[in-house]
Amino acid sequence: MSRPLVFAAVWFAFLGLPHSACAADAAPGKPLLGEWGFDLAGADLNSSPGKDFFRYANGTWLDKTEIPPDKPSYSLRLAMSDLTEQRLHEIMEQSVSPSTPAASTLERQVGGFYSSFMDAAAIERLGTAPIAQALKELRQATSRDALAALMGRNQTDFISTLFNYNIDVDLKDTQRYSFYLSQAGLGLPDRDYYLKPSFAPQKAAYQHYISTLLRLLNWPQAGQRASEVVAFETRLAQASWSKAQQRDMVATYNPMTVDQLQAYAPGFNWKGMLGQAGMAKLQRVVIAEKSAFPQLVAIYRQTPIATIQAWHAFHIADNAAPYLPAAFVDAHFELHGKSLSGQQQQALRWKRAITAVSGGDFAAGERFGTFGTLGFGVGELYTARYFPPEVKTQIEAMVVNLKAAYRLRIENLDWMSAPTKREALQKLDTYTIKVGYPDRPRDYSALRIDPHDLVGNVRRSAAADWAFYSGRYAGPVDRSDWIMTPQTNDAYNGSLRDIVFPAGILQAPIFDPHADAAINYGAAGGVIGHELTHGFDDEGRTIDASGALRDWWTAADADAFKARAAKLGAEYAQFEPYPGAKVNPDLTMGENIADLGGVTLALDAYRASLHGQPAPVLDGFSGDQRVFLGWAQAWRGKAREDYIRNQVVSDPHAPRQYRGSTPERNIDAWYEAFHVQAGDPLYLAPEQRARIW
Ligand SMILES: [Zn+2]
């Protein structure tokens with residue numbers, strides 16, 4: 001699908017399944033975890049909270065839990081995804097069952113797509129025939145201009161591109177859409193993988209993978225071409241901006257006409273590319289990593305045609321591999337699953353089928369699972385069965401309390417001036433909160449799904465998505481839009497000044513309608529506060545109340561904010577989960593600020609929800625303690641080393657052990673709640689604590 005702008009999502013990456021703790025086992029009316037929503041048996045209450053709060057809240061679980069071999073990580077979050085996956089499995093199996101005669105058109109489409117993925121024998125029989133036409137067109141494109149034009153099919157086919165494109169709300173004129181272009185072309189997760197010696201094994205595995213796929217395609221000189229492709233991408237990586245640089249909202253907003261782009265980055269067939277994207281009449285674009293554009297084009301000009309064709313052939317095969325015969329699927333897993341994530345076993349076919357039809361994790365960054373799916377259609381079937389309306393009501397009430405807490409915090413800030421506060425409060429008021437699923441369902445009725453044509457289904461679904469986004473380019477902005485599907489286990493703060501909580505994240509341990517309120521505030525409230533404060537983090541604060549990119553801060557306020565953020569950054573800069581794998585405080589800054597804001601507001605909102613009554617004490621735990629435990633439990637989980645090494649360079653979210661225990665160190669109430677004192681390893685003196693909101 002098209003990837004419009006998300007300012008910030010709450011989780012990262014891979015979904016997967018645990019082998020225990022199935023949420024479906026909870027008795028009706030009882031919380032899923034423990035007696036009041038916190039799994040005490042998974043904590044390590046004999047350890048010291050001031051020494052390692054993550055361990056205190058999660059230690060026994062961490063000791064006892066092994067990461068399943070088909071997963072790069074394992075966590076309570078994955079238990080949520082597990083339950084969702086089981087439910088989607090049920091929906092898909094039922095929709096193909098002949099005993100379900102009254103299936104709707106949508107159910108038949110979902111069922112047909114699912115069947116086409118499950119028919120492994122047919123997939124083997126077809127071999128590479130489903131991508132033969134794409135490869136033929138590639139062989140016929142013998143000039144750089146012709147090859148650049150093919151890149152315009154990136155949203156509708158398996159072809160790769162040097163420049164990603166998408167359509168989203170214009171950042172300076174929020175009444176209209178803009179066409180955005182950004183750097184692309186790398187097959188590994190980040191430029192660091194090409195440039196840093198510590199990633200040499202992954203880079204070697206990548207080259208091996210390229211030659212494997214080219215051989216499977218019978219591409220001439222596969223070994224030689226693979227080394228050329230890696231050299232080409234290494235040059236692209238050198239010219240690319242880092243992920244931390246890409247977070248600069250001002251530097252990445254560069255509007256220009258198509259003619260200006262042609263003059264600024266000459267020698268690339270921009271018009272041909274736009275024409276193939278169905279945007280031949282486009283006048284204006286916004287480019288992101290401005291200084292990289294002419295450099296990427298220059299590298300492209302200097303690279304032999306044969307190398308570029310091999311690069312394209314490899315990426316077609318890489319993007320299509322999950323839908324092709326086992327030789328492709330296995331090679332794809334060796335690289336993307338094993339070498340890049342440390343996953344040991346491939347997920348079963350039915351699980352991969354669900355990802356293909358329903359869409360995978362939004363933030364995983366892998367094309368499989370975000371491209372060519374029926375995601376919103378599946379979401380409609382899912383929420384109709386599994387999202388109770390009362391959850392929507394309860395979450396909406398929490399949102400009101402969180403917003404009130406934030407308002408009060410802003411009003412009382414001692415470091416922000418009155419004019420900046422005025423704008424901040426105005427912005428806070430304009431946020432719309434979306435819960436569960438979109439008000440308007442996506443119309444898939446014109447989409448043809450063929451149970452015997454998997455690759456065609458993927459292509460046609462991608463084309464339908466792109467037609468949806470490109471078709472409304474000239475029209476008014478659709479404020480009801482959703483980026484994530486309802487079944488997504490994540491939340492986001494988007495370019496419509498909307499904060500969106502899909503049904504998929506509103507499950508235990510994030511939210512359990514039967515859990516104690518303090519636990520729900522610590523987890524769901526923390527997530528809501530996290531998303532709210534994203535509107536005011538290092539990126540979000542550059543957007544004003546109308547949603548436009550504009551600096552509304554006084555210089556003194558901006559300096560005060562940055563100094564406070566830097567204090568928080570210094571805490572995260574200390575974290576080094578594996579030798580040489582350090583948390584990057586700049587890359588993770590926005591998420592760290594949002595986590596601190598989230599826990600701060602969750603605690604305020606919980607206290608306010610008591611309306612002056614004392615918080616109940618449960619199993620000896622005070623209300624404040626339970627808010628902090630609810631937050632820490634939400635992050636309960638562990639990941640493999642390769643996954644974490646990938647995460648610290650490519651993901652704006654810090655590893656979960658830090659997310660679950662660092663915001664607390666900056667909140668005075670946590671010290672009181674758990675009697676943390678000077679000398680404890682987690683202790684920060686009051687003047688060292690980062691206080692932002
Ligand atoms: Zn976030």
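**Sheet, helix packing and backbone geometry in a predicted model**

Strands E3 and E4 (residues 177-183) run antiparallel and are joined by seven bridges; two strands pair if DSSP finds at least two bridges between them. Helices (H or I, at least four residues) and strands (E, at least two) are DSSP runs, numbered from the N terminus. The model is predicted, so local features need pLDDT of at least 70 and side-chain atom pairs count only at pLDDT 80 or more, whereas totals for chains, interfaces and linings use all residues. Residues are numbered from 1 along each chain as its sequence is written, and side-chain values use heavy atoms, with hydrogens and water left out.

**The four-strand sheet**

- The sheet is open, has four strands in the order E3-E4-E6-E5, and its pairing is mixed.
- Strand E3 (163-169) and strand E5 (254-257) are the edge strands; each has a single partner strand, so one side of each lacks a neighbour in the sheet.
- From one strand to the next, the twist averages 35°.
- Phenylalanine 163 lies opposite glutamine 183 in E4.
- E5 and E6 run antiparallel and are joined by four bridges; threonine 257 has arginine 284 in E6 as its bridge partner.
- In a regular strand the side chains alternate between the two faces of the sheet.
- Buried means under 20% relative accessible area, exposed over 50%, and partly exposed in between (1.4 Å probe, protein chains only).

**Helices on the sheet**

- Helix H13 (residues 292-302) lies across E3, E4 and strand E6 (284-287), and runs at about 55° to E4.
- Helix H20 (residues 454-471) also packs on the sheet, where it touches E3 and E4; its direction makes about 55° with that of E3.
- Contact means heavy atoms within 4.5 Å. Axes are lines fitted to C-alpha atoms, for helices over the stretch in contact, and angles run from 0 to 180 degrees between N-to-C directions.

**Helix pairs**

- Two packed helices are described by the angle between their axes and the distance between the axes.
- For helix H1 (residues 53-64) and H24, the axes come within 9 Å and cross at roughly 70°.
- H1 and H24 are therefore roughly perpendicular; angles under 35 degrees count as roughly parallel, over 145 as roughly antiparallel, 65 to 115 as roughly perpendicular and the rest as oblique.
- The H1 and H24 crossing is right-handed, a crossing being left-handed if the near helix is turned anticlockwise from the far one by less than a right angle, and right-handed if clockwise.
- On the H1 side, Phe53, Phe54, Tyr56, Ala57 and Asn58 meet Phe628, Leu629, Ala632 and Gln633 of H24.
- For helix H22 (residues 555-572) and H23, the axes come within 10 Å and cross at roughly 100°.
- H22 is thus roughly perpendicular to H23.
- Phe561, Ala565, Ala566, Leu568, Gly569 and Tyr572 of H22 make this contact with Met589, Asn592, Ile593 and Leu596 of H23.

**Helix H23**

- At 1.5 Å a residue, the 21 residues of H23 (residues 589-609) should span 30 Å, and its end C-alpha atoms are 30 Å apart, which agrees. The expected span of a helix is 1.5 Å times one less than its number of residues.
- Of the 21 residues of H23, 18 are buried, so the rest of the structure largely encloses this helix.

**Backbone exceptions in loops**

- Most residues other than glycine have a negative phi, and most peptide bonds are trans.
- Arginine 497 is not a glycine, yet has a positive phi of about 55°. Arginine 497 sits in the loop between strand E8 (492-494) and E9 and is buried, with a relative accessible area of 13%.
- Aspartate 619, also not a glycine, has a positive phi of about 50°. Aspartate 619 is in the loop between H23 and helix H24 (623-634) and is exposed, with a relative accessible area of 54%.
- The peptide bond from alanine 508 to proline 509 is cis, with omega near 5°; proline 509 is in the loop between strand E9 (498-502) and helix H21 (517-534).

**Glycine 223**

- Glycine 223 is in helix H9 (residues 222-239) and counts as partly exposed at 32% relative accessibility.
- Leaving out residues up to four places away in sequence, glycine 223 touches Ser211 and Arg215.
- Glycine 223 and valine 627 are 404 residues apart along the chain, and their C-alpha atoms are separated by 56 Å.
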